[in-house]
Amino acid sequence: MTTTNQHDGAADGTSTAGPYREVLREAFVRRYEDGADSWSEEPAMRELVPLLCGELAAGSSVIDIGAGRGRDAELLLAAGHRVTAVDLVRLPDWDALARRYGAAVTFEAGDFADMAAGRTYDAAVDNGVLHHQDPADYARYLANVRRRLRPGGLLAVSLFTTAEELAEGVLNRAEDGRLSRWFTEREARELLSGAGFTVIAVRTVRRELPGLAYLLVLARRDA
């Protein structure tokens, strides 16, 4: 993994979404095919949904963006919520959840940005998607998330950070082309505030990987 400065993205500030989205899709297809999705069973990844559920009304509708193997979707379904789970990769784990929970869960394979507009949700879960986006597309991505939420709807997002407080964000690029950003709390708050959200809770959860952590942020969509 290489590390670049916090401002990296398209050189002229324009979106590189098209080519990069394909890089991201291919990278995750390979990781899942090779069984290299260690994050699916990482205990720290399961801390985000309980944070959200503490604020959700019974039977809420939730969109799980980047649902992966459905671990978060299952937690939400077990808590009595209705879930639309979206991921770039269709995974066999979805079949068991569909059989168990029936009409309470819907799965969509494809890019979240390409989902048909119209339906809105009480909440959205982003457990590892935003921090893999091209920085030039953060605003576009969050605007899309905001459109999917009813006014006052909740966004629960997990972001890469470090166990020790960062002075500024850091952008990394893996060998397969995936970008990943380590966020500071200030940076996360400013990004969400600028996208029309009010942050209502922040937690840092240490990971098993030395020196790394997740920044869990719960925010409410402004009217």
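Let's start with threonine 161: it is buried, with a relative accessible area of 8% (buried means under 20% relative accessible area, exposed over 50%, partly exposed in between, using a 1.4 Å probe and protein chains only). Before going on, note that this is a predicted model, where local features need pLDDT of at least 70, side-chain atom pairs count only at pLDDT 80 or more, and totals for chains, interfaces and linings use all residues. Residues are numbered from 1 along each chain as its sequence is written, and side-chain values use heavy atoms, with hydrogens and water left out.

Threonine 161 lies in strand E6. Helices (H or I, at least four residues) and strands (E, at least two) are DSSP runs, numbered from the N terminus. Leaving out residues up to four places away in sequence, threonine 161 touches Leu166, Trp182, Phe183, Thr204, Leu212, Ala213, Tyr214 and Leu215; contact means heavy atoms within 4.5 Å. For a charge to sit over a ring, NZ of Lys or CZ of Arg must be within 6 Å of the ring centre and within 35 degrees of the ring normal.

Now hop to arginine 207, in the loop between strand E9 (197–206) and E10. At 16% relative accessibility, arginine 207 counts as buried too. What does its side chain make a polar contact with? The partner is the side chain of glutamate 42, at 2.8 Å. A polar contact is a pair of N or O atoms within 3.5 Å; within protein, one must be able to donate a hydrogen and the other to accept it, and residues adjacent in sequence count only if both atoms are side-chain atoms.

Next, the aromatic rings. Rings of Phe, Tyr and Trp (its six-membered ring) pair if their centres lie within 6.5 Å; planes under 30 degrees apart count as stacked, over 60 as edge-to-face and the rest as tilted. By this rule there are six aromatic pairs. One of them joins phenylalanine 28 and tryptophan 39 edge-to-face, 5.7 Å centre to centre with 85° between the planes. Phenylalanine 28 lies in helix H1 (residues 17–33) and tryptophan 39 in the loop between H1 and helix H2 (48–53), so the pair ties together parts eleven residues apart in sequence. The charged end of arginine 178 sits over the ring of phenylalanine 28, 5.6 Å from its centre.

On to helix H3 (residues 71–78), whose buried residues are Asp72, Ala73, Leu76 and Leu77. They cover an arc of only 135° around the axis, which puts them on the same side of H3; the arc is that of the directions from the helix axis to the C-beta atoms. Just after H3, glycine 80 takes a positive phi of about 95°.

Leu76 also turns up in the largest nonpolar core, which has 36 residues; Leu52, Leu56, Leu76 and Val83 have the most contacts inside it. Such a core is a set of buried Ala, Val, Leu, Ile, Met, Phe, Trp, Tyr and Cys residues joined through side-chain atoms within 4.5 Å. A second, separate core of 26 residues includes Leu130, Val145, Val199 and Leu215.
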